[in-house]
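Thanks for coming, everyone. Let me put the model up, and then we'll walk through it.

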Amino acid sequence: MRKALIGLLSAAITLAAPALAQDWRGVGTGRLLTNDLIGDGHDRWRTGSYVVSKVYGREDWTGRRPAGFGELVELRFRGEILQPETLGFVDPTDRRYAGVLTFGAHSHFQMRGTEISLGGDLVLVGEDTGLSSLQDILHDWISAPSPSEAVLANQLGNKLYGAVSGEMAQPLRFGENHLLRPFIEGRAGEETLVRAGFDYIFGKIGQNELLLRDVSSGQLYRGTRDFDPGTSFVLGADIAKVFDSIYLPEEDGLELTDFRTRARAGFHWQQGNAGFFYGLSYLGEEFETQSEGQFVGSLRLHWAF
C-alpha cells in the first residue's frame, strides 16, 4: 500500500508543481511547526504537526487576494501525529494512535471584500505514513518515551481519504494596525465539521499578507513575502460542531463532544531578513472521556539569504 500512496503523491506533485512554476510565479512560502513540547510540555492527543505551503499566483502579491477563483493557489503538505495520553499501554477509553499525511491544493480569493478559501486534500492515515518511525527517532534524540508496541499495534489502519474544505472571512480594519477577522469554516472528509470564530491582529505584520490557517491549532501563518520590519500580536478563538471523525471511530466507543473549542494567542517579529513567530493554543476536549484540554505551541523561524 505504501508504494501506491507514494505513487499518488508523486503524481500529484509532478503534475501540479511544474505547471504552476511555468505559468505562474511563486509569491511565498508558509511554514508552521506545532507541538505540545513547546506548549504544556505533555506528549498526548494532538501532540505535533508540521505544515508547508507553497503559494503561486498569476501576478505578484499586491496585498489583497485576487477576485478570481484559481488565480492564487496554495499547494499544502502537512503531517500530524495524534496519540493517546498513555503511551505505555492501550487505554480503551482514550483515542488511538494515528499518523496523518495530507497533500492538497487550495485557492484563495475575494468577493466583495469577503476573503474565501476553497480546496481539497488527499489524506493518508496509518503506519505506512512512516510518522511513527520518525517520532521514535526524534524521541530517542531528546530522551523522551515513545509509544509502546501495543499502542502502535492498535493504531488506525492504513487508508486514503479525500477531503474538501472552505473558509469565508470578513476582514474589518480599524486604522493601519488593527484587523478583526471573523470567519466561518466547513470541512467534509476524514472529519466533517462546521466552525465559527474570529482572529484579531494588532500591529503591522499580517495586515496585508495572505493568512493561512493551521488545521490543528487554528493559528494563522503567513503565506506571502513581506520583509517590512515590525511586530504584531494576535488573538483568536473558535468553536466547531464535529459530526464525525475517522480519528475517533464509533466502533471504539468514543463519543464526540458536543462542541470543540480552541483559543489562541501569538507574537510576530520581523527585522530585515529575519522573522519569528510563536503562538500558544488551547485545544478543548474532542471526545467525552478525554480528561482535559491541552496547550500546544506553534513556531516559525525565518531567515532569508
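How much space lies in the largest pocket? About 660 Å³. Keep in mind that this is a predicted model.

Let's stay with that pocket. Its lining has 31 residues. Nearest the centre are Leu33, Asn35, Gly48, Leu138 and His139. Which elements give two or more residues to this lining? They are β1, β2 (45-57), β3 (72-83) and α2 (131-141). By class, the lining counts 17 nonpolar, 10 polar and 4 charged residues.

Now the second largest pocket. About 270 Å³ of space lies there. It is lined by 19 residues. Closest to its centre are Thr29, Arg222, Thr224, Arg300 and His302. At least two lining residues come from each of β1, β11 (220-222), β13 (260-271), β14 and β15. Which of these supplies the largest share? That is β1, with 4 residues. The classes here are 6 nonpolar, 7 polar and 6 charged.

Strand β1 covers residues 25-35, and strand β15 covers residues 294-303. The two run antiparallel, joined by 3 bridges. Thr34, for instance, has Ser298 in β15 as its bridge partner.

What about β14, residues 274-283? How many bridges join β14 to β15? There are 10, and this pair also runs antiparallel. Gly275 is bridged to His302 in β15.

One general point to keep in mind as you look at the strands. In a regular strand, side chains alternate between the two faces of the sheet.

Technical notes:
Residues numbered from 1 in each chain as written. Predicted model: local features only at pLDDT ≥ 70, side-chain atom pairs only at ≥ 80, totals over all residues. Heavy atoms only, no water. Pairing = 2+ DSSP bridges. 1 Å grid on protein atoms, 1.4 Å probe; cavity = no way out; pocket = protein on both sides within 12 Å on 5 of 7 lines; lining within 4 Å. Points joined across faces, edges and corners; volume = space filled by probe spheres on them. Nonpolar A, V, L, I, M, F, W, Y, C, P; charged D, E, K, R; others polar.
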